[in-house]
Amino acid sequence: MKFDDEPTPGEGLPILPGHTSPGRFERILRAGKFAVTAEIAPPDSADPADVFARAALFDGYVDAINATDSSGANCHMSSMGICSLLTRKGYAMILQQSCRDRNRIAMQGDILGAAAMGVCNILCLSGDGVQSGDHPEAKPVFDMDSISALSMVRRMRDEQQFMSGRPISSPPRLFLGAAANPFAPPLDFRPHRMAKKIAAGAQFIQTQYCFDIERFRTFMAQVRDLGLLEKAYVLAGVGPLASAKAADWIRKNVAGVHIPDAVIDRLAGAQDQKQEGVDLCIDLIEQVREIEGVSGVHIMAYRMEDRIGEIVTRSNALDGREPWRPAL
Amino acid sequence: MKAVRLWSVRNARWLKKVYDGLEWILSLLNPILRRIGYDRLDKPFAAVEGVVKGFLFDSQSCGQCTLGETGMACPMNCPKTLRNGPCGGVRQNGGCEIKPEMTCVWVNAWEGSQQIGAEQTIQIIQAPVDNRLKGRSAWLRALRIKVGSAS
């Protein structure tokens, strides 16, 4: 799908009335389409070809690509580097910015740099602790948190000011995102935390993996009762699990991922566990779509990025719509 | 100190009252304090505060206290020093992502804020820490903000 006013790759679309970014991701959501985003695996290399090859797996299947910011505190190519490479080709990128590694001076500089490179979307995260990654001896920065970072970016965009109050001559035109984990304690606080993120500037929300649909349904009902569905677009996090063993490892070792026993049992009972993981992901997409207020899905297919095409096609998440892809 | 900290959260309701009372007394004393000079008082105030709040709340003396808005739980005890709510890494048993043996500061804060009826104030968006204020008196700062003689 191409917009009539499609620019040359690397340049922004005209900003429509009521929009804050020149990006196609915001356009898709505001047009009421069910959006699909996916997480790209950042390479442990300095070769741009690695990035292009990984992005190509998503061509024609996703509306925007999240470039993670050394997730799990493991060192990889930076989100900024990946976004810079891929925006040049015209991809709609979501820059993930965690508060773990950079202070407010570095973060604000990166926000201007990213916007200048054609990034239209930023996902503000607190970030995983350094203890979970491959450099546990590193200094955790956490000068900001996800919510103060959101209000910082919003101020840069809407008031054209740095946190210091110094003016910005040309502001970053961004669509702001935040994460939500409906599955971590204190459960009653989670909808309020999302409200707080929206009050701080979040326009879209990408959730943690949703394997516990009942819990997610409850969360979404609470979110609706708080009147948040009119204020932000919610993309439910989903993803394929490679096997029952992998799932069990993830829930024991990856912070914030909640996988119910029933999911593990379903995988363990299958002949081809990897295929069952893909089928489960497709089932989950169909189930979250039925929940009021879910505007899209965010697919995190860790080490199974090559299965995203199958997941999107078989779940019909795009309703036959064909997202933008680079010209061949 | 963990036991005291948890006791403080459980008793958040009247501790908050004591805290509000203290603020009232300080504002009564303000003319005297102002005459002595806030800057001159900062060190002794910070020293007393460090002991009292350190004992009761494991306060980390950031100099810009949020205790009344965070259920009398000091958010600076969060290993990520998050001041606006819990991260997504909280374990299913309420344990901290980084220090599993410690209950998440925000699990305590949420509990405490319900006790003091502060579900509204926990929604206040807290600005990032001003690192220049670390170790200075938060009480004097709050007083000066209240009487309008501070930035």
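Predicted model: local features only at pLDDT ≥ 70, side-chain atom pairs only at ≥ 80, totals over all residues.
**Exercise 1. The setting of A:Q108**

Is A:Q108 buried or exposed?

*Solution.* 

Step 1. Locate the residue. A:Q108 belongs to helix α4 of chain A.

Step 2. Apply the cut-off. A residue counts as buried under 20% relative accessible area. The relative accessibility of A:Q108 is 8%, so A:Q108 is buried.

Step 3. List the contacts. With neighbours within four places in sequence set aside, A:Q108 touches A:M152, A:M156, A:F162 and A:M163.

Step 4. Compare sequence and space for one of these partners. A:F162 is 54 residues from A:Q108 in sequence, while their C-alpha atoms are 7.4 Å apart.

Step 5. The side chain of A:Q108 comes to 3.1 Å from the backbone oxygen of A:R104.

**Exercise 2. The two sides of helix α4(A)**

Determine how the buried residues of α4(A) are arranged about the helix axis, and state what they pack against.

*Solution.* 

Step 1. Check the length of the helix. Residues 104-116 of chain A form α4, which has 13 residues. From first to last C-alpha the helix spans 18 Å, close to the expected 18 Å at 1.5 Å a residue.

Step 2. Collect the buried positions. These are A:R104, A:M107, A:Q108, A:I111 and A:A114.

Step 3. The exposed residues A:I105 and A:A116 are carried on the face turned away from the buried side of α4(A).

Step 4. Identify the packing partners. The buried residues of α4(A) pack against α3 (79-89), β3 (93-98), β4 (121-125) and α5 (146-158) of chain A.

Step 5. Examine the ends. After the helix comes A:G118, which has a positive phi near 100°.

**Exercise 3. The barrel of chain A**

Trace the strand order of the closed barrel in chain A, and show which strands β1(A) pairs with.

*Solution.* 

Step 1. Write the order. Eight strands form a closed barrel in the order β1-β2-β3-β4-β5-β6-β7-β8, with parallel pairing. From one strand to the next, the twist averages 25°.

Step 2. Follow β1(A) on both pairings. β1(A) runs parallel to β8(A), with four bridges joining them, and A:A35 is opposite A:G296 of β8(A). β1(A) is likewise parallel to β2(A), again through four bridges; here A:A38 has A:I65 as its bridge partner.

Step 3. In β1 (residues 35-40) of chain A, five of the six residues are buried, so the strand is largely enclosed by the rest of the structure.

Step 4. Turn to β7(A) and β8(A). Strand β7 (residues 233-238) and strand β8 (residues 294-299) of chain A pair in the parallel sense over five bridges. A:G237 is opposite A:H298 in β8(A).

**Exercise 4. Backbone features in loops**

Find where the cis peptide bond of A:P185 and A:P186 is placed, and characterise the positive phi values of A:A73 and B:M72.

*Solution.* 

Step 1. Take the cis peptide. The bond joining A:P185 and A:P186 is cis, with omega about -10°. A:P186 sits in the loop between β5 (175-180) and α6 (190-199) of chain A.

Step 2. Take A:A73. Its phi is near 60°, positive although the residue is not glycine. A:A73 lies in the loop between β2 (64-67) and α3 of chain A, and is buried at 10% relative accessible area.

Step 3. Take B:M72. Phi is near 60° for B:M72, also a residue other than glycine. B:M72 is in the loop between α3 (38-57) and α4 (105-115) of chain B, and is buried with a relative accessible area of 1%.

Conventions
Residues numbered from 1 in each chain as written. Chains lettered and ligands numbered in written order. Heavy atoms only, no water. Expected span 1.5 Å × (residues − 1). Buried < 20%, exposed > 50% of the residue type's maximum accessible area, 1.4 Å probe, protein only. Arc of directions from axis to C-beta. Contact = heavy atoms within 4.5 Å. Pairing = 2+ DSSP bridges. Axes fitted to C-alpha atoms, helices over the stretch in contact; angles between N-to-C directions. Polar contact = N/O pair within 3.5 Å; in protein donor to acceptor, adjacent residues only side chain to side chain.
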